[in-house]
Amino acid sequence: QVQLVESGGGLSQPGGSLSLSCVASGSIFRIVAMGWYRQAPGRQRELVATINAGGGTNYADSVKGRFTISRDNAGNTVYLQMNSLKPEDTDVYYCNGRIYYSMTQWDEFWGQGTQVTVSS
């Protein structure tokens, strides 16, 4: 089994910064990509940012220039630095991993979610 455990988030004023971390553990053979998604009640979960095994990144247009995704050298921990936060960034943020748990089998795994609230 693979587990994704998130930390960080919380409350920020508009224009402030928050950071998120996500650690993947368990039966990991190879990580294809990890990323962050967010979801508000009644809305579909949407992509925030992803980073692949080669270090390539992808961002939603709404966060480009404000959020930065990165990972540690081992590749098992992914970070999301969120700057210039806006009230519309308020959501539950979920860590996502596309991970091989054997040489030939992979699945998509999710963290439990962490709340980010941007409000004055």
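1. For the charge count, Lys and Arg are taken as positive and Asp and Glu as negative, while His and the chain ends are left out. The place of a charge is NZ of Lys, CZ of Arg, CG of Asp or CD of Glu. On this basis the protein has 9 positive and 9 negative side chains, and the centres of the two sets lie 4 Å apart.

2. The basis of the note is as follows. This is a predicted model, in which local features need pLDDT of at least 70 and side-chain atom pairs count only at pLDDT 80 or more, whereas totals for chains, interfaces and linings use all residues. Residues are numbered from 1 along each chain as its sequence is written, and side-chain values use heavy atoms, with hydrogens and water left out.

3. Eleven strands and zero helices make up the secondary structure of the protein; helices (H or I, at least four residues) and strands (E, at least two) are DSSP runs, numbered from the N terminus. The radius of gyration is 14 Å, close to the 14 Å that the globule rule gives for 120 residues, so the protein is as compact as a globular protein of that length. This radius is taken over C-alpha atoms, and the rule is 2.2 Å times the number of residues to the power 0.38. The C-alpha trace spans about 50 × 25 × 20 Å along its principal axes.

4. Of the 120 residues, 40% count as buried, where buried means under 20% relative accessible area, exposed over 50%, and partly exposed in between (1.4 Å probe, protein chains only). The protein exposes about 6,300 Å², of which carbon and sulfur atoms supply 47%; areas come from the Shrake-Rupley method with a 1.4 Å probe. Among contacts (heavy atoms within 4.5 Å) with a separation of 6 or more, 54% join residues 24 or more positions apart.

5. In soluble globular proteins, nonpolar side chains tend to be buried together. A nonpolar core is here a set of buried Ala, Val, Leu, Ile, Met, Phe, Trp, Tyr and Cys residues joined through side-chain atoms within 4.5 Å. The largest such core has 27 residues, of which Trp36, Leu80, Met82 and Tyr93 touch the most other members. Elements giving two or more residues to this core include strand E1 (2-8), strand E4 (30-39) and strand E9 (91-100). Its largest share, four residues, comes from E3. Not counting residues up to four places away in sequence, Met82 touches partners including Leu18, Leu20, Phe67, Tyr93 and Val116.

6. The loop between E8 and E9 holds Asp89 and also Ser84. Asp89 counts as buried because its relative accessibility is 0%. Leaving aside neighbours within four places in sequence, Asp89 is in contact with Arg38, Arg66, Phe67, Ser84, Val116 and Val118. Ser84 is partly exposed, with a relative accessible area of 42%. Ser84 has a positive phi of about 50° although it is not a glycine.

7. Ser12 lies in strand E2 (residues 10-12) and counts as buried at 6% relative accessibility. Apart from residues up to four places away in sequence, Ser12 touches Ser17, Leu18, Leu85, Thr117, Val118 and Ser119. Ser12 and Trp106 are 94 residues apart in sequence and 36 Å apart in space, C-alpha to C-alpha.

8. Gln115, in strand E11, counts as partly exposed at 39% relative accessibility. The C-alpha atoms of Gln115 and Arg38 are separated by 9.3 Å, with the two residues 77 apart along the chain. Leaving aside neighbours within four places in sequence, Gln115 is in contact with Gly9, Gly10, Thr90, Asp91 and Val92.
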